[in-house]
Structures are given as C-alpha cells and as structure tokens.
Amino acid sequence: MSVNIDILSGLGDKGPAAIVVETDGKRLLLDAGGALHPNDTITWANKLDVDAVLISHDHIDHIGGVAELAEDIPLYCTPLVAEALPANRAWRPLPERGSLEVEGITVTTGQAGHSLGGVWLHLAVGGGIFYSGDACFESQLLPFDTPPPARIALLDASYGSYDQPQAHCVQGISKHLYQPLALPVPETGRALEMALWLAEEADQRQLTLAIDPLIRDKLAALLALPATLHRPGSETAIASVLARANDENALLRLISDRNDTPAQWPDHHLLHTGYLTPDRRVQLAAGEISWQRWNVHLRASHLVALAEQLGATQVVPLFTPLCDNELTAWRSLLSDRLCTAQRFPVDSHLATFSV
C-alpha cells in the first residue's frame, strides 16, 4: 500500500496547518488552518479534493479554513472543538482519547496538552503517521497522552530551538504583576491554567483579579469533562476559581484575545504570552505592550523526546521558520531523522529527503 504526505501549509514558517495524507485511493486532510493575520488569505484550499477532514483543535490556524471547504466533506473533531465550527457545519465526533475508522483508516487520538478538546492524531498506515497538531508536555492542567509508535512524526515545532522550561516563563511573568495588567489569551488554551495560577498569585500577593466570562465558561466546560481529561487533583482548583467573584476594579485581568488592543484597556498594561502578529511586534518595539512566553508548545528537547518515544525515522518540524540557523539546530537535534520535504512518499526504500 502506497502512502504519500503533502504538506499544503505549515512547513517552513508559522502559518496555517493543512496536511494531506493519501493512501489506498483515500485522501485525509489533517487540520484546516485559517490565516493568522488580519487581511491575509489562504491558498491551500483552492480546488482541494479530499475524502475527510480531521481537526486537531479549535485555534484559528488549525480550524479557521473550514469555511473554505465543501460542506459535504465529512469533518471529524471532538465535541468541544465543534463549538468553533462555522454555524450549521455538519461534523462527526472524534474521541478525546480512543480510535475509530475514517475512510477505512484506523485513526487514534489522545490528549495533546495544548487546549480544551484538543487531540493529537495517529494514522495506522505506513508504519504509523503521527501528527501532533499543537502539543505541550508542560501543562499543569491538560494531560499529554502517550501515542502509539509511528515511523513518520509531523510535530509542532512552533518554538524552534527554544528550550526554556515553564518555570522560567512563570518567573518572567511574575515580575510584571506589580502594575495594572491585562493578559490577552485564547480562552480554550493557556487561559485555563493561567487562570488557576493567577488566582493563586493574587491571593498570595493580596491583589485583585478579574477573569473574562468566556474563560470562565471554558473552565466550567473542562470541569464537566471526565476527570481523566484533566490533571489529577485539579478539580478543586478549577471549582475555586469559578466560585470567586470578579473585582470590577481589578489590578489583574485575564482577558480573551478577541479584545487585545491597548486602546481597549487604557488603565492596564497589556502583557502578551503567545504568538505576536506583525502589528503586535510593532507595539512591542514601541513599548506599548510587553511580552513573556507561557509555554504551550513543544520545546526543542520535548520534540526530540517525543520523536524518540514514537520510534520515528522521519521527523518533520512544523509551524516554524526553517532559516539556516534553525536548520542547523534541527540537524543537530534530529540528525538523519530530519525531513523538510513538502511532499514525500512514506516508503521504506526511500533513502533521501529534502533538508
């Protein structure tokens, strides 16, 4: 059985995720990413012919292109991710942790540690193809499940060769908590564990805190899931955060990143903790905002550890620039497992890849 992988988007830069796996006459699309920047367009969906779509999670660069696809293409995602689909878009359930048959291909899913309802995907073809979507080992709230072995690993490399632990990030953010601060976050991602951390910090420092209602709703949705879908012992902390009232004049505000411009928060300084658009980079350079990462992606050593755990012989680093310096770093980290080809057959006799 021949297997081919075509990375339509997401290779060589931080961009929308869209990958086609073709085998035995069937074509599965892994994620349907939308544009990251206002006024940008996507081209990967032009005249695309696939038999089914699998969505890893609900962030725009993984789900925002669904509207560009024909509505009769079967689409699979978890129930919580389905809430972010275009209105009335039909969908079929992916398990949060389990297996199912999609177009005759066994697809296994597991928790990816990145977002509410988000999963990694494993296809039982070609010795195993593993796609992480966005993933993280370091969440104190969302687990990362051990995947089955896979020869091909298509991995979240959003952080490039960066390898600082979460404790470093927490320490960096802590230094900003002396001032009126608004932290814009995606409500199904880092918002959930940052809410728990900020509540603890606010209590210890005797600071006031307000948490966006959208984030509260997602925390409630997480609490309603089976206990195995969040870290052990986190129920009490989540319930405590949901029970605390918002202070109308709070010094600290955890807000949805739908409302993330300085003009919207004239009495607070904005601290971003994730990807910065070009406009945000201009604001950062001008001192209008601050930035300190909160880890929600695989850092370099964790990507390598995952590749080794999978037993992967070819590893594709996704969602990251592949300039000369980064390629040198990836060659050092992954050695002869590195693959940066946009299209390639999954063939045990294939000896060379584009690097």
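The tour goes through strands, then pockets, then a cavity. Keep in mind that this is a predicted model.

**Stop 1: strand E15**

Select residues 269-272, which form strand E15. Are its faces covered or open? Both are covered. His-269 and Leu-271 are buried on one side. Leu-270 and His-272 are buried on the other.

Find Ala-182: its bridge partner in E15 is Leu-270.

Leu-270 stands opposite Ile-289 in E16. To follow the chain from E15 to E16, trace it through helix H7, residues 278-285. This β-α-β crossover is right-handed.

**Stop 2: an open sheet**

Strands of a sheet pair through backbone hydrogen bonds, either parallel or antiparallel. Look for an open sheet of 6 strands, in the order E7-E8-E9-E10-E11-E17. Its pairing is mixed. Which strands sit at the edges? They are E7 (98-102) and E17 (314-318), and each pairs on one side only. From one strand to the next, the twist averages 20°.

Zoom in on E11, residues 152-156. It runs parallel to E17, with 5 bridges between them. Leu-155 has Pro-317 as its bridge partner in E17.

**Stop 3: the largest pocket**

Select Leu-36, Ile-60, Pro-186, Asp-257 and Tyr-275. Of the 50 residues that line the largest pocket, these lie nearest its centre. The pocket holds about 1,500 Å³ of space. Which element gives the most to its lining? Helix H7 does, with 4 residues. The lining divides into 17 nonpolar, 14 polar and 19 charged residues.

**Stop 4: the second largest pocket**

Move to Gln-140, Glu-193, Leu-196, Trp-197 and Glu-200. They lie nearest the centre of the second largest pocket, which has 19 lining residues. About 340 Å³ of space lies here. Helices H3 (166-174), H4 (191-205) and H6 (235-243) each give two or more residues to the lining. H4 gives the most, with 6.

**Stop 5: the cavity**

How many cavities of 30 Å³ or more does a search of the whole structure find? It finds 1. The largest cavity has about 40 Å³ of space. Select some of its lining residues, including Glu-96, Gln-111, Leu-142 and Leu-229. By class, the lining has 5 nonpolar, 3 polar and 1 charged residues.

Conventions: Residues numbered from 1 in each chain as written. Predicted model: local features only at pLDDT ≥ 70, side-chain atom pairs only at ≥ 80, totals over all residues. Heavy atoms only, no water. 1 Å grid on protein atoms, 1.4 Å probe; cavity = no way out; pocket = protein on both sides within 12 Å on 5 of 7 lines; lining within 4 Å. Points joined across faces, edges and corners; volume = space filled by probe spheres on them. Nonpolar A, V, L, I, M, F, W, Y, C, P; charged D, E, K, R; others polar. Buried < 20%, exposed > 50% of the residue type's maximum accessible area, 1.4 Å probe, protein only. Pairing = 2+ DSSP bridges. Right-handed = clockwise from strand over helix to strand, strands pointing away. Axes fitted to C-alpha atoms, helices over the stretch in contact; angles between N-to-C directions.
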